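Dear colleague,

I am passing on a structure for your records, together with a short account of what was found in it. Please read the notes alongside the coordinates.

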Amino acid sequence: MKVIICIGSSCHIKGARSVVEQLQELVSQNHLDDKVELCGSFCMGKCQQGVCITVDNEFYSVSPENVKDFFNEHIAACTAEVI
C-alpha cells in the first residue's frame, strides 16, 4: 500500500510534519513496515483542505487531530484485508 503525504507549504502549515510523524509511529507500532510505504510529495492541488494524503491513489484530507482514526479506517483496516 502506497501512502503519499503532501509536505508542501500549505499542508506544512496545517500540520503535515505531525501527520507524517504520527503515521510513521502507527505503521511501526502495528508492524506494517513491510506492507505500507510512506512517501512525501509537494502540492497535490487541494490546498484549501487539510493535510492532503493519497492511499493507493484515493484522496483524503487529514489533520494532526484525526490521524489515528484515519490510520485505523483507511490503512490498518485495508492492510488487514490483504493479509
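The notes below take up the sheet, the nonpolar core and the salt bridges in turn. Please bear in mind that this is a predicted model.

The sheet

Four strands form an open sheet in the order S2-S1-S3-S4, and their pairing is mixed. Strand S2 (37–41) and strand S4 (58–62) are the edge strands, each pairing on one side only. Direction ignored, neighbouring strands of this sheet are turned by 25 degrees against each other on average. Between S1 and S2 the pairing is parallel and runs over five bridges. Within the sheet, valine 3 stands opposite leucine 38, a residue of S2. As a general point, the strands of a sheet pair through backbone hydrogen bonds, in either a parallel or an antiparallel sense.

The nonpolar core

The largest nonpolar core comprises 20 residues, of which Val19, Leu23 and Ile53 touch the most other members. Two or more residues each are given to this core by strand S1 (2–6), helix H2 (16–29), strand S3 (51–55) and helix H3 (67–82). H2 supplies the largest share, five residues. In soluble globular proteins, nonpolar side chains tend to be buried together.

Which residues does valine 19 contact, leaving aside its neighbours within four places in sequence? Valine 19 is in contact with Ile5, Val51, Ile53, Val62, Ser63, Pro64 and Val67. One of these contacts, Ile53, is itself named with Val19 among the core residues that touch the most other members.

The salt bridges

The count of salt bridges comes to two. In one of them, the side chains of arginine 17 and glutamate 21 meet at 3.1 Å, N to O. Both residues lie in helix H2, four residues apart, which is about one turn of the helix. Arginine 17 has a relative accessible area of 59% and is therefore exposed, since the cut-off for that class is over 50%. Glutamate 21, at 42% relative accessibility, counts as partly exposed.

The other salt bridge joins the side chains of aspartate 34 and lysine 35, at 4.0 Å, N to O. Is lysine 35 buried, partly exposed or exposed? With a relative accessibility of 31%, lysine 35 counts as partly exposed. Aspartate 34, its partner in the salt bridge, has a relative accessible area of 65% and is exposed.

With kind regards

Key
Residues numbered from 1 in each chain as written. Predicted model: local features only at pLDDT ≥ 70, side-chain atom pairs only at ≥ 80, totals over all residues. Heavy atoms only, no water. Core = buried A, V, L, I, M, F, W, Y, C linked by side-chain atoms within 4.5 Å. Buried < 20%, exposed > 50% of the residue type's maximum accessible area, 1.4 Å probe, protein only. Contact = heavy atoms within 4.5 Å. Pairing = 2+ DSSP bridges. Axes fitted to C-alpha atoms, helices over the stretch in contact; angles between N-to-C directions.
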